[in-house]
Amino acid sequence: GMVQFKDVFLGDDKRKYSRATSSQRCVRAGGKHNDLENVGYTARHHTFFEMLGNFSFGDYFKEEAIKYAWEFLTVELGLSPEKLWVTVYEEDDEAQDIWLNTIKISRDRFSRLGAKNNFWAMGDTGPCGPCSEIFYDHGPDVSGGPPGSADEDGDRYVEIWNLVFMQSERDEEGELASLPKPSVDTGMGLERIAAVMQGVHSNYDIDLFANLIAATADILGVKSDGSNSMNVIVDHIRACSFLIVDGVLPGNEGRGYVLRRIIRRAIRHGKNLGVDDTFFYKLVAPLCKEMGEAYPELVEAKSHVETILKNEEQRFAETLDQGMEILESAISSLKGDRLSGDVVFKLYDTYGFPIDLTADIARERGLRVDRKGFEEQMEAQRKRARGASKFKARVPIGSLPLAGYGTEAESRFTGYDGTSGDSTITLLFKDGEEVTTAKAGEEVALILQETPFYAESGGQVGDTGVIDSEGGLFVVSDTQKSGNTIVHFGKVKSGRVRVGCKAEARVNADRREAIILNHSATHLMHAALRQVLGSHVLQKGSLVAPDRLRFDFSHYEAVSEEQLREIESLVNEQVRKNMGAETNLMPYDDAVSSGAMALFGEKYDDEVRVLRFGDFSVELCGGTHVSRAGDIGLFKITSESGVASGVRRIEAVTGSGALQWIDENQRVLGEVAAMLRSTTAQAPSKIEHLLKRSKELEKELASTKQKLLTGGDTIDHDIVEVDGVKILSARIDGADAKTLRDAVDRYKDKLQTAVVVLGSVDGGKVRLAAGVTRNTIDRIKAGDVIQPVAEQVGGKGGGRPDFAQAGGSNPDALDKALASVPAWVSERLS
């Protein structure tokens, strides 16, 4: 839709054109415009659809937009005016006049409706305006009434085109202000207009869906009978596949969770059709056949999409059946028609059921879900998470807030060509207030007319150094950006600095050089990752510091040691080739057309800086870089880990940092070899042998310990028999919980009718285990036996009738506590 044009409507972004048309892939499964719960159950709703649009940015407005729409529908497409119904906003007299008096549509097929239907907004704030919607009447054979009627939600009258007259901006207080230029944003669903043109009332009957449904039914081995579940599955394979193509991976937040919800909903509907094996990933192939010509990127990413879907389906399969058992149990014992928020939350939190999946199942059973109760549980969990978090937001040097420093001023960056330069101090801030002078010892924010200091951006940290003015020396601890202003944070070291004074700015050149090496290496590594792992790899975050680089990227599994070696080798190969680093300024569209990678979600100026290392790496980047790849010297990966679902992290070092890392690891390896009395080359096999021997000894020790615990005369003399029940209480120090449990079970088997209590001291803590044979639990319970023993050693415990465990903090009391067992049990038995 119009999201990419939001700033144009607001007047904050200027384009070279005043009109536009688009055909755009859209996903609608969350937020304000959420159709997910309707998908599969109506003829017209989808999670994925193709949106056709035409836009005017201060060019044509209501009359032209309405004329163009009517002409396209009735002339170009040849639709009968008698089949079209029009609505306008109840306060929009101008639009009504155009429709009735200029277009001359019949009043019998015209409605004025309220804001819910005919006032469009992208969210609670932002561009908005009245709209006029055009509906197609599929005829009396289809249920439903005209827009505004009680049964308008039926499928007879389907909205095919929405003309939004963008003329206002809503602020956080809900107040409306006029946009700089009235504009137009229209949207027509391709699937809906295709249904009209192909003479079918359901979108699922158009050629694209019909072929996909037939192929899906064949793969699943079920009938193609137009069931809701089949419609859900074929809709969802489109949404999921294209989300993954666009770099989204299943996760628990944001777009990743939208994808996960849709996948899991599709899997559950597969279960409805009787499909127990993994199936969803198999539908990518017929989707490629149907849509691959229009979207070749889908075909290119086919194997990647299949892998992601298969992994996610296998992951959910582990908990789906368990979750369904919990849900079925809750439904069978339900009083009323609403599932409690507690049950819905448990399914979400423990079994991975998104709330809309549970709601979907509930609807099939004629039930509702307690959404309010679920949200209360979710909010309680968020509060717990916030309370447990130990991370704090980064505060700029001197606790000076960044926003608002010189937002009207502009600083010119000169640091691409050097690390020093003359300039003039234009602004000073102290404690958030503008000042004209600052003396030694004061922490301030200083702004220069032009500066070689790089402000933190794109993952590259801000420069440090000094600004030597006519009257004082300022030490820069950090450099940040506020709007177009480069802000130097730090402390006056000597004298006074004043606004208007000339100054020489000198960046810490050694630190900058180290940063440059890491930044250029990051670009080479990104390209190597895409070569080795696949084109689905996209940057998700980065840190370029003087001592290391950190790179977060989209990938669905841990990177193997072999792959890491290959990535490292590719980067070092480029370093040895020593190709030149080319940087060029060019228009954004030209840069992307030339093959430069742009980061999803980033905002770029009309003119962008492109960094190229031959044909190996081409990316948009405003950072500072080496002149030649050989300047990097050496690249070494130091770690690989997961930071979130579908996001991996690599850390690496370059140059002298890489040499230091290798030297340190070589030193440690030498020390290990010395301890093993071997060479460094022999150390791995020597360690492997020792570990193998250690495991063997551990097994021997465990076996010996078990024999000692159950070895007949060793502690048989501690057995007391009361009323046919043998009572054994004994101490075996060093035994862990599992050993105690196994020993109790062995003694129960050996003694046949018995009460067994064993205690252990390990690391200053007391462990207790008690067991009662099955033929005795009607007379005495293990939980009852262990409780008084645990209390004597400063603890508590409990368990099943036949087995219980406990702990304690007073080892000195253990012998006395165990000695009390026979008398206590005897008293209970008699």
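The centres of domain 4 and domain 6, taken over C-alpha atoms, are 62 Å apart. Those domain bounds come from an automatic or database domain assignment.

Ground rules next. This is a predicted model, where local features need pLDDT of at least 70, side-chain atom pairs count only at pLDDT 80 or more, and totals for chains, interfaces and linings use all residues. Residues are numbered from 1 along each chain as its sequence is written, and side-chain values use heavy atoms, with hydrogens and water left out.

The chain splits into domain 1 (5-201), domain 2 (207-384), domain 3 (412-507), domain 4 (512-662), domain 5 (678-710) and domain 6 (718-829).

Take R109. It sits in the loop between α3 (93-103) and β4 (110-113). Helices (H or I, at least four residues) and strands (E, at least two) are DSSP runs, numbered from the N terminus. R109 counts as buried because its relative accessibility is 15%. Buried means under 20% relative accessible area, exposed over 50%, partly exposed in between, with a 1.4 Å probe and protein chains only.

What does the side chain of R109 make a polar contact with? The side chain of E82, at 3.1 Å. A polar contact is a pair of N or O atoms within 3.5 Å; within protein, one must be able to donate a hydrogen and the other to accept it, and residues adjacent in sequence count only if both atoms are side-chain atoms.

On to D370. The loop between β10 (368-369) and α14 (371-388) holds D370. At 16% relative accessibility, D370 is buried too. Its side chain reaches the backbone nitrogen of G341 at 3.4 Å.
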